[in-house]
Amino acid sequence: MGMEILLRGVALPLIFFGSLAHSDDRFLTDPPDYIKPCKIADKNFVKCSTDSIQQLFDKLNTGIPGLDSIKSFDPFHLNRIKITQGNSQAINLKVELANVKINGFGHTNVLESVVFPKDYSWKTTFMLPVMKLQGDYSLLGRILLIPLNGRGQVFLDAENMTVVMHTKTHLYEKGGFTFYNVTNTRVNFTLEGLKSYFSNLFNGQKQLEDSTNKFFNDNWRMLTDALYTVITQTIEDILLDVLKKIFHYIPANFFVTDIPTPEQLYGKTKKKGTAVGKEYKNSELSKSLLEIKPKNSFHG
């Protein structure tokens, strides 16, 4: 009886771990109709790739069948962001955002999608007609010598945000397909307008709070500069999380039909496909067991 109980105690965790690993390892084996296949050797590849990524963003808005790890793309939720920014005497801020909700990615307009055949990194340019952010904020520092020390609700409403995203990838093999392991995203952006509101900026001094919020809206370009790092990190965190999950689920072959295998690109001595696949699954498994899951169930 004691041995039977011991074996059950070992078997149950193994079954549990095995089921998690299996669910994390699911991927498409047939090209879906919402992806336009392109050949990087073709002269019109950039146009084709731009159309393909636009179709992917459109499908994200309604949900990719089988990709359950992305609970919601628009709105998107982030648990916490911490930023320290001090690039001048005029701007010196410590900002923390929590319980963040972002609306607008469902209306992404992809302007250009470039894939570099040297290392299969990407440069993607897209426009968000509207990007709205709301959440809890903690702010300490100064903007244009205005001392700020407050906690409350923040609302940001960006107009016609053009984003240039640089993405680093590493190819790996799984099930006879080539996949992108998305390792890094960096973005730059420009805006045509920014409306904002910070509640409780001065711990209940309503008149001072209202005048400061009016000043921020009248001088939105200055506020954009002050919050530039906060906004870029928010976008980077969203895109890295989403892209990791998408491209672990959909083979790169379905986007770029003539993409090389990892061995062809890196050579035999640098083949890392299996290691990357295992690393992804192990990190997913560890996070699912050890971390408190955020609203979007980050697996990145």
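Buried residues, meaning those under 20% relative accessible area with a 1.4 Å probe and protein chains only, make up 46% of the 300 residues in the protein. This is a predicted model, in which local features need pLDDT of at least 70, side-chain atom pairs count only at pLDDT 80 or more, and totals for chains, interfaces and linings use all residues. Residues are numbered from 1 along each chain as its sequence is written, and side-chain values use heavy atoms, with hydrogens and water left out.

**Secondary structure**
- The protein has seven helices and seven strands, which are DSSP runs (helices H or I, at least four residues; strands E, at least two) numbered from the N terminus.
- Strand 5 (residues 146-174) pairs with strand 6 (residues 177-190) in the antiparallel sense over 13 bridges; pairing requires that DSSP find at least two bridges between two strands.
- The bridge partner of H170 is N181, in strand 6.

**Aromatic pairs**
- The structure holds 15 aromatic pairs, defined for rings of Phe, Tyr and Trp (its six-membered ring) with centres within 6.5 Å; planes under 30 degrees apart count as stacked, over 60 as edge-to-face and the rest as tilted.
- One of these is the edge-to-face pair of W122 and Y180, at 5.0 Å centre to centre and 85° between the planes.
- W122 lies in strand 4 (residues 121-143) and Y180 in strand 6, so this pair ties together parts that are 58 residues apart in sequence.
- W122 is buried at 8% relative accessible area, and Y180 is buried at 3%.

Definitions and conventions
Buried means under 20% relative accessible area, exposed over 50%, partly exposed in between (1.4 Å probe, protein chains only).
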